Amino acid sequence: MAPLLLILLTLLVALLGGLYLLGVFRQRRPGEPPLDKGLIPWLGHVLEFRRNTWKFLDRMKQKHGDVFTIQLAGFYITFIQDPMSFGAFVKESRDKLDFRKFAAHLVYRVFGYITVEGDHESLNTSSNRHLKGDGLEVMTQAMMSSLQNLMLHNVGPCSDHMTWREDKLFAYCYNIVFRAGYLSLSGNEPFNSNISEEKAKEKDRAESEALYHEFRKYDQLFPRLAYGVLPPKKQREAKRE
């Protein structure tokens, strides 16, 4: 009888331990945002989140407000829907919000890259070199030149013969800022006696447009890839991109 009781107790402890690891017993603590674990242990809301992310987040916002925590495939993720609140969170001390730890986890999950000691310092050094002082002036000039190339190439004596191109505001801004940033960082096609300035600019526009469309394919997969809820087929597609 005693061995049977011991086995039953062992199974009970294992079951309770498993449920604890699955997050079944986690409760909202004082001062925390609303917690919504969903109906499925460990998985939580992952199926609905995967099916239609933006519709799901809108439903959670209507239910809980601008700040809420949900369970996704074993992780508890807090969403902040009000952009005016970002500043207060970013200014929190590192003992409350450690962005380095989160960034290391994210780049490993998405890119398979394991951060090494000194990565953060190298990034700071590079940022100070290119985004302050003389480096910032050079980068700003390159960005302005690229913006003018992308936005104003249809403006001129021949513009009356060109058809209007209509697009949504966000899509247009996304396209222009991404391509201008890429050209500013990666450099422009040089022009000389073999290739005129206009041909060089035209090549920049064509190459940056092609790259933008390839990037958008990956970018649309990125949020679910970052949260670890991308189906296997889509994961293989993301790796190809």
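Okay, so before anything else: for residue classes, Ala, Val, Leu, Ile, Met, Phe, Trp, Tyr, Cys and Pro count as nonpolar, Asp, Glu, Lys and Arg as charged, and the others, Gly among them, as polar. With that, the lining of the largest pocket comes out at 20 nonpolar, four polar and five charged residues.

Quick housekeeping. This is a predicted model, where local features need pLDDT of at least 70 and side-chain atom pairs count only at pLDDT 80 or more, while totals for chains, interfaces and linings use all residues. Numbering starts from 1 along each chain as its sequence is written, and side-chain values use heavy atoms, with hydrogens and water left out.

Now, the domains. The protein chain is split into domain 1 (26-96) and domain 2 (132-150 + 167-238), with bounds from an automatic or database domain assignment. Their centres, taken over C-alpha atoms, are 31 Å apart. Seven residues from domain 1 and four residues from domain 2 make the contact, meaning heavy atoms within 4.5 Å.

Next, the sheet. Strands here are DSSP runs of E, at least two residues, and helices are runs of H or I, at least four, numbered from the N terminus. Two strands pair if DSSP finds at least two bridges between them. We have an open sheet of three strands, order β1-β2-β3, with mixed pairing. β1 (35-36) and β3 (75-80) are at the edges with a single partner strand each, so one side of each has no neighbour in the sheet.

Let's look at β2 (residues 67-72) and β3: they run antiparallel, joined by six bridges. Gln-71 has Tyr-76 of β3 as its bridge partner, and Leu-72 stands opposite Phe-75. Their hairpin has two residues between the strands, and Ala-73 takes a positive phi near 50° there.

Back to that pocket, then. Finally, domain 1 and domain 2 both give residues to the lining, so the pocket lies between them.
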